Amino acid sequence: MSDARSVPDHLAALAESLRSASLRELFASDPQRAEWLSRKVQLGDSELLVDFSKQTLNRDVVDALVAEAETRGVRRLLADMIAGRAINSTENRAVTHMAMRASSEATAPIELQTTAADMIRHLDAVVAAVSKSITHVVNIGIGGSDLGPALLCDALGAMRPAAREVRFVSNIDPVDLDRALVGLTARHTIFIVCSKSFGTGETLANARRARAWLVAGGVTAVADHVIAVTAQPERIAATGLEVGHVLSMPDSVGGRYSVSSAVSVSVALAFGSGALREIRDGMRMMDEHFVTAPMHDNAPMLLGLIWWWNATVLGHPSVAVVPYSRVLGLLPGYLQQLIMESNGKSVDRSGSPVSTTSPVVWGSIGTNAQHAFFQLLHQGTHVVPVDFVSHSASLGSAEHDHDALVANMFAQAQALAFGVAQGEVGGEPSLRAHRATPGNRPSTTMLFSRLTPGAIGALVALYEHATFVQGAMWNVNSFDQWGVELGKSLAVQVLADMNGTPSASHDASTKRLLEQHRSWRNER
Ligand code: F6P
């Protein structure tokens, strides 16, 4: 097997051979390129076209990437994941997010399917039991207990009438909860305390404040206004929170992979259990495509391999994700956690150093992004691959303006790929160097026929699997997140010191900051 720390010679040679070939030349020399580098996935009420043709690659590269994936055991690891083996090796856990929506043994063993079906039955029963007098839902959670359901609810708001308004609170910044509660009345509000661990400081602090707000608002049966979602129900009692319903999730479902679990109960409370079912159906369709499609035809496999190729072989250290869809505005933030918390690692499964892993993921909505950071994408000194995402059918009221939105996306991908040379720009000669754009900037375009709840589910699953593929290529464990622990425990110590004398264990900079903060805080 290739050393995960180095780029195999044949891939480095392929990259070298492409350095002198522009995307213009690659398209000119291969009239079928757009055809053979596109993949379509049927998603029931929608269809997805993924166009990889503007990536820096050719047939040899695709063949070599697929072969490299075989060598590095991507499909073996996938089989282990599906079988429920403990591929999260540092925590000795299985990885069962696909099982959360599975209905076939192709994606999960029957006993895991049963667990998932029980979870959803319970969720539906809890949703049905929530009083009709509840008009507002406040989801308290952070990271995977926030980003996925927030993305889904924000998007579904443009597709379905909401029976209840949902708000999301994640930050320990008191302003977050303050703002979420504006205009709400306690007896019409239910809180979802969503925390896989039920030990996250931000979430528990906000939940305690929410409890106090309910009591101050005259609610006596506090538990009727609180649903907990957790993998650690036994921890609830110690928090002092009264909880009417507990929805459980398995330990083997990572927070950032948890959208198809009970973590998304807010979606069902706002848009109905049927909407959540549609999302899970879309995820399942993408799962089945991922596990059954041949490697060359497999959209998540190719997406993951191309991200790996760009980061590891071509050396592009970041990727921008730009949805041309107002309702997918939360997608970049969601993907930041999914991808970077999964693969932002420096050691492989055996603890040996890995020189390249996850690119930095960033982005925001088009066309807004065009008026913000696209200047750098077109002419900056960094080459930043872009993932574009949109849909042909408008979700708004003006079809013509939606066409303009999609046209902008196509135009940006075109400009990035093909650019305009100095000799082509015309006009004032002294400005030609400034106006030329180099082109050769890679992108992938994902176009849905319609953005439905199922299509969004499929999009999320597509990225989950692409993340899995990259992690397998680097041989990192994509399912732990030890890197976040040090900061969490230091925050506890720093907060304790904030109200006393800074302890000797803090560095000089932190001590100085603490002293300044205490002094300014005490002036208030
Ligand atoms: O600190 C990172 C993290 O553990 C994420 O992985 C997770 O999604 C988030 O915190 C919230 O954790 P929990 O759902 O346990 O509150």
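## Largest cavity

Helix 9 supplies the largest share of the lining of the largest cavity, namely four residues. Helices (H or I, at least four residues) and strands (E, at least two) are DSSP runs numbered from the N terminus. The model is predicted: local features need pLDDT of at least 70 and side-chain atom pairs count only at pLDDT 80 or more, while totals for chains, interfaces and linings use all residues. Residues are numbered from 1 along each chain as its sequence is written, and side-chain values use heavy atoms, with hydrogens and water left out.

A cavity is a set of points, on a 1 Å grid over the protein atoms alone, where a 1.4 Å probe fits but cannot get out; lining residues have an atom within 4 Å of a point. Four cavities of 30 Å³ or more are counted, and the largest cavity holds about 50 Å³ of space. Volume here is the space filled by probe spheres set on the points, which are joined across faces, edges and corners. The lining consists of I140, F191, V193, A207, A210, R211, L214, V226, L241 and E242. Strand 5 (189-194) and helix 9 (201-216) each contribute at least two of the lining residues. By class, the lining has eight nonpolar, no polar and two charged residues; Ala, Val, Leu, Ile, Met, Phe, Trp, Tyr, Cys and Pro count as nonpolar, Asp, Glu, Lys and Arg as charged, and the others, Gly among them, as polar.

## Largest pocket

The largest pocket contains about 1,300 Å³ of space. Its lining comprises 41 residues, of which S197, T200, V484, E485 and K488 are the closest to its centre. Helix 9, helix 14 (331-343) and helix 20 (485-498) are the elements that give two or more residues to this lining. A pocket is an open set with protein on both sides within 12 Å along at least five of seven lines.

Helix 20 gives the most to the pocket lining, with six residues. The lining divides into 15 nonpolar, 16 polar and ten charged residues. Because domain 2 (97-276) and domain 3 (486-522) both give residues to the lining, the largest pocket lies between them; the domain bounds come from an automatic or database domain assignment.

V127 belongs to helix 6 (residues 110-129). With a relative accessible area of 11%, V127 is buried (under 20% relative accessible area, 1.4 Å probe, protein chains only). Not counting residues up to four places away in sequence, V127 touches V265, A268, L269 and S273, where contact means heavy atoms within 4.5 Å.

Technical notes:
Buried < 20%, exposed > 50% of the residue type's maximum accessible area, 1.4 Å probe, protein only.
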